[in-house]
Amino acid sequence: MNLFVLLFVFVFGIIGSYSSKFSEKNLFWFFVIVLAIIIGGRSISVPDTDQYLEFYQLTLSSSILDIPLYSYEIGFQLLTKILKLITNGSSFFYFGIIVLINSYFLFKSFSCFTDQSYPSKKSSGTLINQIKLQEFLLLYFSYWGLYYTGIVLRAGIAMSILIYLSTLLCSPYISLKKWSAIFLLAIISCSFHITALLGIIALIIFYISKKMTMRSYLLLFLLICIILFGKVSFWIVDMLDRNMPMIFSLIEDTDFAKLQAYSNIDASIKISFRFLFCLLIGLFFIICKRMPLYYYKYLNVYIVGLFLGALFSAIEAFSRIMDFFVIYSFILISMRLSTINSFKIRFSIMFSIVLIQLLFVYRIIIGI
């Protein structure tokens, strides 16, 4: 994935999102198809590509007997078998279709925000009406989409499902039929990556949490900063380093044994630029008034993610676990931008965030 090509595509997407000449829905799917082509044709140098490509080539498309031979979750294996059958063994279409699957859940998620049944639509309709589909898409793909659709495929599909579930939980009334669908989709998300259990915890926090006062949010933000810059994480690392073997021995012969892949603790004295960016964006989310209730529910989950990230900031591999909580940042940014009336300010913030996130994910792609 070439940086200049990605920059061109995203800049075109940003400009197009503020142009009245393009239909948002058409531009959405045009952008998705372009990214599907780029990601589908990625080189073997992109992280994790060789592993997924090897599995795609070896798995049997017409049999489930080889499922026990691989460590991948059953949901991902079954999807790969189906896609291998459909794509006739073409890895280009295999990777590309996964982009379309994630994008479909993203589109469905956005649709929930424009559902006429939400009371927030009536009480603050100007806010909801001003959320742009293209902003929603670009903010997602500039980091989460490229990383979790272009690199970490299993967790990416699981996260897309969880994002959609979060928007379903925004509804003031959830029927028994919808609850059944939510539970089924939650189970399916875990069948793609077992760490989706953390995402389900995030959804529980989302559902039961309430709006807090501005003072409470600022105090929590201050606490997170103290934990982060006070290097509390190093005490946590020391404790985990001594007890991790015992903890993972308890799940050695269970379905959770694959979590042992996260048992290697590599402490870092540096605070990642990405976490500092997430922290700064968090303050941007807090300093906002008169938002719908579910804005604060997403904010609560995001704050929990920052808190966990600060506690385990010395463990670089922990960032992927934290992502199950902070991934909702693109929804928060979309809603936050909708409160800005000035086109120049809105465009500048949007452009800056997309560019920064794009650079973060590209560093991962090239291995810096």
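This is a predicted model: local features need pLDDT of at least 70, side-chain atom pairs count only at pLDDT 80 or more; totals for chains, interfaces and linings use all residues.
1. Next, the overall build. You will find 18 helices and zero strands in the chain. Among contacts with a separation of 6 or more, 77% are between residues 24 or more positions apart. The accessible surface is about 17,500 Å², and carbon and sulfur atoms account for 68% of that surface.

2. Now the cysteines. The whole structure has zero disulfides.

3. The aromatic rings deserve a visit, with 36 aromatic pairs in the whole structure. One of them joins Phe10 and Phe31 edge-to-face, with 5.3 Å centre to centre and 80 degrees between the planes. This pair links distant parts of the chain, since Phe10 belongs to helix H1 (residues 3–17) and Phe31 to helix H2 (residues 24–40), 21 residues apart. Both Phe10 and Phe31 are buried.

4. Another edge-to-face pair is formed by Tyr147 and Tyr148, 4.6 Å centre to centre with 65 degrees between the planes. Tyr147 counts as buried because its relative accessibility is 10%, under the 20% cut-off. Tyr148 is also buried, at 1%.

5. Which residues do ring pairs link into a cluster? They are Phe10, Phe31, Phe110, Phe136, Tyr140, Phe141 and Phe330.

6. Finally, two arginines lie over rings. Arg42 has its charged end over the ring of Phe95, 4.0 Å from the ring's centre. Arg336 lies over the face of Phe284, 4.4 Å from the ring centre.

Technical notes:
Residues are numbered from 1 along each chain as its sequence is written. Side-chain values use heavy atoms; hydrogens and water are left out. Helices (H or I, at least four residues) and strands (E, at least two) are DSSP runs, numbered from the N terminus. Contact means heavy atoms within 4.5 Å. Accessible areas come from the Shrake-Rupley method with a 1.4 Å probe; for residues, only the protein chains shown count as cover. A disulfide is a pair of cysteine sulfur atoms within 2.5 Å. Rings of Phe, Tyr and Trp (its six-membered ring) pair if their centres lie within 6.5 Å; planes under 30 degrees apart count as stacked, over 60 as edge-to-face and the rest as tilted. Buried means under 20% relative accessible area, exposed over 50%, partly exposed in between (1.4 Å probe, protein chains only). A charge sits over a ring if NZ of Lys or CZ of Arg is within 6 Å of the ring centre and within 35 degrees of the ring normal.
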